[in-house]
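Welcome to this guided tour! Open your viewer, find the selection tool, and follow along one stop at a time.

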Amino acid sequence: MKITLRAIFAVLILLLLQSFERAEAGIKKDDIAITAIPLQLILGADAVVREDVRLLEYQRPGRARMEVRKVITILNSSGRDHGDISLFYNQFSDVSRISGAIYDSSGEQIRRFRNRDAEDRQAFDGISIIQDSRVKTLEMFHSSYPYTIELEYRVDYTGFINLPAFMPQSQNTSVQYSRYEISMPADQNLDYKAINFEQNDPEITRDGNLKKMVWEIRNAPKVKRERFGPAWNNLLPYVLVRSDDFNMDRNTGSLRSWEDFGMWMHDLWDGRNEISDETRQEVAFITEGYEDPHDIIRVIYRYIQNHTRYVSIQLGIGGFQTETAEQTQRNRYGDCKALTNLMHGMLTAAGIESYPALIRSGSRGVVTSPDFVFNSFNHTVVFIPLEQDTVWVETTSSNFPPGYIGSGNANRYALVFNENGGTLVKTPDYKPRDNFQLREATVHLQADGSATAGIQTRYGGARHERIRNFTRLASGPLNRALYDDISLSRFEMNNHEVGAALLEPEAWINLDLDISSYARSMGNRLFFNPNMLASNRGQVAETQERTQAIHQNNSYYDVDEFTYHIPEGYRIETLPGNVILDESFGYFETEYIVDEDSGTLTFRRTLKLIPEILPPEEFGTFRNFVNSIPRHDSAQVVLVKG
Amino acid sequence: MYLSKVSLCLFLLLFIISAPALADRPVSWGDVSDEEWEMMSFPDDDEATAIILMDYGESYFDNRLNTVFRQHRRIKILDPDESSHTEVRMRVYRENRSQELRELRAHTLNRDENGEVHRERVRGSEIQTERDGEWEVTSFAFPDVRPGSIIEYSFMIRYRQSFSIPSWWFQHDQPIVHSEYRVLVPEILQYRVFPDGFETFDVNEAEQIAGHAGMAANVLNVNSNSYYRMVLKDAPAIRSEPFITTVRNYRNRVEFQITAYKDRRGATRYMLRTWDEVARSYSGMHYFGRQLRSNRTIRNTVNEVTDGLSDPLEIAMKLYDHVAESIVWNNSLSATANNHLTDVMDENVGNSAEKALLLTNMLRTANLDANPVLIASRDFGKLRWNYPQINQFNHVIVKLTIDDTVYMLDPILPAIPFGLLNPRSLNYAGFLITENDSRMISVDSQVASVTQVTGIVELDAEGNLEGQVQLRHSGYAGIVHRSSIKESDRDEYLINRVFDGDPDIRIVESSFENVDNPREILQTTLTIERPNHAVVAGDMMYVNPYLLNRITSNPFRNPVRNFPIEFPFGFESLYSVTITIPDGYEIDYLPEQQLFRFSDNTSYLVQTMPMGQMVQITSRLIRSDVFLEAEEYHDLRTYYDELVNLHEEQIVLRKTDESLQESVTETGSEGE
């Protein structure tokens with residue numbers, strides 16, 4: 001074909017039409033201008049999402065393409081981060097066709113951005129030594145507020161489990177219009193769960209052999225969060241979506257049930273827990289003579305804690321497939337998957353039935369629930385079902401006792417998987433009595449206000465994790481840690497002892513202190529606060545009308561018992577009254593017991609906090625409880641000569 | 001004749017080869033001595049989680065004048081879980097292939113009971129290399145690490161024709177048995193060497209030699225090279241403590257800076273030998289001095305921003321606010337710009353130097369006397385002035401002079417108002433760059449953290465207190481409190497921050513002034529109530545005169561201290577309260593007036609003045625000392641102990657005789 005002038009002309013026309021099309025799709029100045037925003041969306045917000053449209057074309061498992069278009073008006077400097085664009089991707093996704101613009105408050109375009117303006121970086125999380133997450137970044141800032149940014153880009157997915165979630169609103173942001181549109185072949189099925197949305201179900205339409213699902217939000221003002229209110233997860237609207245079948249790195253799986261998803265995990269890990277002969281011998285050696293499975297678990301766990309270390313690695317089929325047990329043994333390091341897998345392999349060799357389990361660790365992210373199959377896991381642990389009980393093991397901890405899973409893994413569903421697929425099993429819930437801090441002390445007060453104190457404190461559950469770490473410290477850092485930990489001033493530590501139990505989640509600190517000035521001497525009186533070390537501070541302010549539920553999330557049980565030996569020649573003049581505060585979410589009691597014969601005053605303080613969600617009407621009760629405690633904690637005892 | 005020449009050459013050759021400067025490298029790959037295997041602790045250091053057995057570095061130039069840097073490290077791991085040395089992450093600058101990392105190898109060695117050494121190599125597939133913007137990151141983890149394992153790695157980095165010789169640290173967060181750095185510099189280049197630190201080097205040599213085995217010396221057929229060798233043995237670990245600037249100030253190191261090179265004709269060209277030359281170099285630099293030239297965009301912006309203003313100080317403040325607020329700081333501290341200032345203004349993003357240079361440019365455009373000052377941030381290390389070293393700067397601030405008053409400006413963040421420096425920039429000194437008078441100047445906070453409290457309150461016979469309190473925060477106190485106010489509910493800020501979580505204080509009314517004007521004093525006016533403030537016991541009443549700002553604990557609890565104590569700025573707290581005591585009571589005891597001194601600059605003064613039914617207590621707490629030697633720590637700790645004590649003093653009131661009689665009469669009448 002000859003390249004004629006006509007051909008060139010035709011091409012030019014085509015190009016012109018394309019750019020004309022683009023201009024048509026562009027925004028009109030008046031629409032962008034700040035005057036086009038309803039007032040209620042501006043009040044109290046740092047930014048307004050004018051338009052957030054995501055068109056997801058779901059072709060088949062493991063293949064999808066999403067076109068994103070966002071227009072956000074940034075109202076003040078607190079909303080500036082909306083202009084700090086980070087588009088993450090990895091080996092199973094790619095971000096391309098990035099384009100953007102900045103408009104001033106009247107809607108006049110000021111700057112344009114093209115794909116090549118984006119910087120391509122490693123998305124280093126600060127911990128993982130090996131990982132393949134990358135990010136494309138763009139800085140869209142302007143000198144005067146308000147201004148509007150417009151951003152468009154495309155994401156191509158070549159492997160995924162869940163579909164992208166729809167999260168139209170973030171903190172301090174209002175939404176003018178947001179839309180998530182998924183188009184898929186009519187024979188495909190997607191399951192979804194809308195949270196904090198007015199209607200759960202999308203609008204579904206058919207168009208030939210395509211099916212469309214659409215969720216929309218219009219004119220949503222910013223979401224407020226009251227102090228002690230629900231977590232942002234439970235306030236902001238979002239939609240989770242997943243397909244029945246998924247494909248990740250040529251591995252296909254099903255999300256129709258937890259059983260199915262577990263089966264996929266099992267297939268991915270199958271055969272990888274084979275340990276070498278050398279390790280097999282090692283297992284036989286260390287477990288020799290032990291019959292009770294608890295003992296066998298204990299020695300194998302100790303072996304792994306002593307012989308391997310935790311290294312964060314986020315690679316391999318999106319971070320799902322484990323390293324082989326042999327390789328982990330050889331490396332003597334591994335991430336949570338590798339260490340879990342190694343322990344599983346060693347337990348199997350020792351004749352103990354165990355399974356790996358996926359879990360969402362920590363307090364953020366989507367909670368795993370039986371009613372909606374969805375991948376939000378970020379961690380693995382070991383599940384060991386014995387005849388009498390079950391034992392969970394957190395393999396990444398170098399010093400936890402066996403069976404203690406840590407507060408970050410407690411009270412949630414984990415997905416245990418084996419050759420039969422996956423099952424959700426709840427991890428242990430640590431009650432307040434499990435998270436204890438029990439203290440006993442004897443204090444000899446002197447007439448000049450000084451005192452010597454012998455203090456023994458025992459910690460359990462979530463309270464003990466920190467103290468267990470003290471036992472690893474050398475004497476220099478341990479001294480420093482203890483000095484920083486004790487809230488008294490003007491004391492010297494004569495003796496200290498720190499320890500942690502081998503088999504229980506318990507630890508203790510024993511101290512001998514010389515306090516140069518504890519009681520205050522005024523004339524012929526001595527004043528002191530018998531509550532030497534406990535300190536719950538922080539007041540909750542009054543609010544006019546509370547609308548949100550109150551989340552009391554603390555769970556612990558503290559008892560302090562101090563026995564004071566009154567100095568010679570003094571008697572007790574004033575004692576604070578005994579106090580009891582008893583609510584469904586907490587219990588507080590102070591008690592004073594005088595023993596004339598031994599010349600002692602025993603002060604006993606109990607504080608128990610029970611996790612509970614209270615209705616907003618009970619805010620007054622809650623507030624009173626929280627605010628009273630510091631008052632009672634600082635009550636004074638008055639001694640007088642004579 | 002010929003024979004003797006040959007023999008002379010041979011003789012010389014032998015002499016050179018056997019010269020003491022050409023000693024073998026102190027370490028060879030995988031060759032671990034028995035002592036190294038047996039070493040499981042380091043004297044006087046029970047905190048060490050690893051011991052660096054050998055840290056050996058070499059720098060030399062290849063025949064293209066690229067700098068070749070090699071490092072070989074051998075580390076004994078004592079605690080695999082706690083040591084960060086078991087993972088390695090290195091970055092090189094890849095833009096224009098400026099730096100390349102090559103020849104990386106690593107392995108872990110373990111010795112069993114029989115004395116056999118087992119080796120586990122780090123395989124290539126286990127080393128990850130990724131691009132990160134203009135950098136390239138290489139990372140890997142050592143396998144098979146147990147307590148007592150020895151890990152070893154070595155690598156080479158080639159610096160493309162940059163004439164930079166990498167600096168070398170001899171001390172780290174773990175103890176070191178042997179740290180050695182050798183540098184070979186061809187004749188055509190000259191460097192000045194800057195050793196620094198408190199430990200005396202075991203070897204510190206500089207000599208002229210022909211070449212060194214392994215280190216290429218055939219540059220332009222030159223026979224003479226400068227050879228430097230420095231060794232530090234058995235160096236203790238240097239670890240951080242609270243209230244210091246940075247450990248970098250305490251670790252031994254050496255730096256090299258180029259001072260001359262020979263051009264093609266053999267003439268020597270000098271550079272950066274004096275501070276003057278450094279100043280001239282910065283002034284002529286494209287990404288520094290040249291950016292200070294006025295241009296139309298900047299002129300237009302200046303005119304726009306300062307439209308209608310004529311007072312120079314007002315103009316300066318307006319320009320400062322403009323740069324601080326409208327250009328977003330990209331979190332990069334830098335001594336030089338990376339982009340043209342016009343691009344910075346277009347994109348509204350800039351590094352710290354770009355912001356400072358832009359402000360300087362704008363101030364000059366407005367005909368104000370402004371000059372840039374090169375500084376090192378506090379965490380970057382103290383500046384050394386003996387020799388002109390340019391690598392020690394990482395930030396720029398601005399010196400503005402209006403009618404003999406000097407203002408130091410640091411436009412990084414809008415939270416820092418005009419005239420205050422970001423605490424990070426307070427590092428004692430800086431290098432002022434001017435037309436003809438560049439010099440070192442001191443950079444310190446002229447401003448402290450100042451809080452002033454005045455209160456007028458009343459006590460009733462039951463010990464309840466009520467009244468008015470006014471707080472004025474200025475300087476750094478203003479910045480800190482403004483930030484707290486913005487982060488939370490105002491009532492909670494008042495109770496938790498101002499009254500330190502006091503459970504009994506009630507805020508009846510509150511008003512704030514100048515929360516959004518960081519240049520003005522932040523003023524808070526409160527009406528408060530505090531039921532049961534005074535303790536009533538029999539005929540006595542005990543009153544704590546300090547409603548807030550009490551020193552309740554000693555920040556220096558730890559008995560041990562190694563380093564000097566450093567604060568970025570001074571602190572001043574003035575407190576004055578007038579208490580009206582209830583009828584029927586009189587003053588029995590007042591805290592003593594006293595001046596309690598730590599030093600001339602740090603002291604506590606308390607005065608009490610009875611005035612009939614009222615008593616006034618005034619206290620002034622000042623800490624202007626910003627640098628104290630470690631030897632003074634014990635005294636400082638005792639001083640704060642005493643401050644806690646003084647803040648526990650109470651005013652004691654006693655029922656007057658008349659009122660005692662009255663109550664007796666009352667009791668009598670009640671009995672009827």
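**Stop 1: where the chains meet**

Select both chains: the contact takes 47 residues from chain B and 47 residues from chain A. Two residues count as in contact here if their C-beta atoms, placed from the backbone, lie within 7 Å. This is a predicted model, in which local features need pLDDT of at least 70 and side-chain atom pairs count only at pLDDT 80 or more, while totals for chains, interfaces and linings use all residues. To find your way, note that residues are numbered from 1 along each chain as its sequence is written, and that chains are lettered from A and ligands numbered from 1 in the order in which they are written.

Now colour the side of chain B that touches chain A. The elements giving two or more residues to it are strand 3 (87–93), strand 6 (128–132), strand 7 (135–141), helix 9 (490–498), strand 27 (535–537) and helix 10 (633–646) of chain B. Helices (H or I, at least four residues) and strands (E, at least two) are DSSP runs, numbered from the N terminus. What classes of residue does this side of chain B divide into? There are 15 nonpolar, 13 polar and 19 charged residues. In this count, Ala, Val, Leu, Ile, Met, Phe, Trp, Tyr, Cys and Pro are nonpolar, Asp, Glu, Lys and Arg are charged, and the others, Gly among them, are polar.

**Stop 2: a sheet in chain B**

Zoom in on strand 6 and strand 7 of chain B, which run antiparallel and are joined by 5 bridges.

**Stop 3: domains of chain B**

Next, colour chain B by domain: domain 1 (28–268), domain 2 (275–443) and domain 3 (449–657). The bounds come from an automatic or database domain assignment. The C-alpha centres of domain 1 and domain 2 of chain B lie 36 Å apart, and 9 residues of domain 1 of chain B are in contact with 11 residues of domain 2 of chain B.

Which elements give two or more residues to the side of domain 1 of chain B that touches domain 2 of chain B? Select strand 11 (189–196) and strand 14 (253–262) of chain B. Strand 11 of chain B gives the most, with 3 residues. By class, this side of domain 1 of chain B has 1 nonpolar, 4 polar and 4 charged residues.

**Stop 4: helices around helix 7 of chain B**

Select helix 5 (residues 312–326) and helix 7 (residues 352–365) of chain B, which pack at an angle of about 150° with their axes 10 Å apart. Axes are lines fitted to C-alpha atoms, for helices over the stretch in contact, and angles run from 0 to 180 degrees between N-to-C directions. Helix 5 and helix 7 of chain B are therefore roughly antiparallel to each other; angles under 35 degrees count as roughly parallel, over 145 as roughly antiparallel, 65 to 115 as roughly perpendicular and the rest as oblique.

Show the side chains: Ala316(B), Leu319(B), Tyr320(B) and Val323(B) of helix 5 of chain B meet Lys355(B), Leu358(B), Leu359(B), Met362(B) and Leu363(B) of helix 7 of chain B. This contact has 8 nonpolar residues, no polar ones and 1 charged.

**Stop 5: over to chain A**

Finally, look for the open sheet of 8 strands in chain A, with the order 27-28-26-25-32-36-35-34 and mixed pairing. Its edge strands are strand 27 (491–500) and strand 34 (579–582) of chain A, each pairing on one side only. Inside the viewer, pick out strand 25 (residues 436–445) and strand 26 (residues 451–460) of chain A, which run antiparallel and are joined by 9 bridges.

Definitions and conventions: Two strands pair if DSSP finds at least two bridges between them.
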